[in-house]
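Biologist: I'm new to reading protein models. Could you walk me through this one, question by question?

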Amino acid sequence: MTIPADLHELFWEHVVLVATATLVAIAIGIPLGIAVARRPVAQRWALGFASAGQTIPSLALLGFLLTVPVIGGIGKRPAIVALVLYALLPILRNTVTGLASISPEIRESAIAMGMTPRQLLRLVELPLALPSMMAGIRIAAVTTVGTAAIAAAIGGGGLGVLIFRGLASVNAYEILAGAVPAAGLALLTDGGLEWIERRLSQPRR
């Protein structure tokens with residue numbers, strides 16, 4: 001079994017795809033979750049849209065994005081858009097859940113102390129909701145590691161290139177050369193974010 005010459009390059013392409021999609025999903029999902037947390041109607045619409053995005057098969061979504069102006073075409077751009085749509089739901093849902101789980105008495109006490117809504121959010125609500133938010137980010141990141149393999153179908157690069165190449169040539173070694181590093185990256189991502197999540201869940205003085 002020989003290691004593919006482009007394994008190192010494809011591995012880091014995969015890392016960039018996952019990191020970019022996860023960061024964009026965080027930048028969208030957390031502010032959106034904060035905005036709709038106290039608005040039941042808007043919350044249903046936002047969660048419904050994010051849920052609908054996850055029900056679309058990945059190949060069908062990539063095929064649709066190829067035809068969309070500006071973001072369409074072959075390459076990393078439509079792949080990242082698709083990965084963001086898949087990563088958005090757990091981040092958005094856990095942000096809403098984390099904020100909703102805060103006791104009303106805590107909010108009332110903070111308001112009684114003279115906190116403004118901005119201070120209440122920054123000093124009380126976000127720190128308390130942070131473990132739940134981190135759990136959503138962890139789920140999104142680990143899921144994206146696996147889903148990113150499909151980016152190779154539209155020229156997005158990543159470890160999926162080796163998997164598709166192995167399937168085309170019926171080469172099990174090449175399939176494993178793409179699948180094993182992807183699995184290792186998923187485990188590493190899960191372990192690292194789980195450690196951060198545990199640290200954030202520890203009681204503060």
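**A walk through the model**

Modeller: Happy to. Val24, Ile28 and Leu32 make a nonpolar surface patch of about 200 Å². Keep in mind that this is a predicted model.

Biologist: Which helix does Leu32 lie in?

Modeller: Leu32 is one of the residues in that nonpolar patch. Look for the helix that covers residues 7-36, and you'll find Leu32 there: helix α1.

Biologist: Is Leu32 buried, partly exposed or exposed?

Modeller: Buried means under 20% relative accessible area, and exposed means over 50%. Leu32 comes out at 30%, so the label is partly exposed.

Biologist: Where is Leu7 found, and which residues is Leu7 in contact with, leaving aside its neighbours within four places in sequence?

Modeller: Leu7 is found in helix α1 too. Contact here means heavy atoms within 4.5 Å. Skip the neighbours within four places in sequence, and the contacts of Leu7 are Leu159, Leu162, Ala177 and Pro181.

Biologist: How many Å apart in space are Leu7 and Ala60, C-alpha to C-alpha?

Modeller: Along the sequence, Leu7 and Ala60 are 53 residues apart. In space, going C-alpha to C-alpha, the gap is 27 Å.

Biologist: Over to Val81. Is Val81 buried, partly exposed or exposed?

Modeller: Val81 sits in helix α4, which takes in residues 76-100. The buried class is for values under 20%, and the exposed class for those over 50%. Val81 has 24% relative accessibility, so it counts as partly exposed.

Biologist: What percentage of the residues in the chain is buried?

Modeller: The chain has 205 residues. Buried ones fall under 20% relative accessible area. Their share of the chain is 41%.

Note on methods:
Residues are numbered from 1 along each chain as its sequence is written. This is a predicted model: local features need pLDDT of at least 70, side-chain atom pairs count only at pLDDT 80 or more; totals for chains, interfaces and linings use all residues. Side-chain values use heavy atoms; hydrogens and water are left out. Helices (H or I, at least four residues) and strands (E, at least two) are DSSP runs, numbered from the N terminus. Buried means under 20% relative accessible area, exposed over 50%, partly exposed in between (1.4 Å probe, protein chains only). Patches are made of residues with over 30% relative accessible area and no salt bridge: like charges are joined within 9 Å, nonpolar side chains (Val, Leu, Ile, Met, Phe, Trp, Tyr) within 5 Å. Accessible areas come from the Shrake-Rupley method with a 1.4 Å probe; for residues, only the protein chains shown count as cover. A salt bridge is a side-chain nitrogen of Lys or Arg within 4 Å of a carboxyl oxygen of Asp or Glu.
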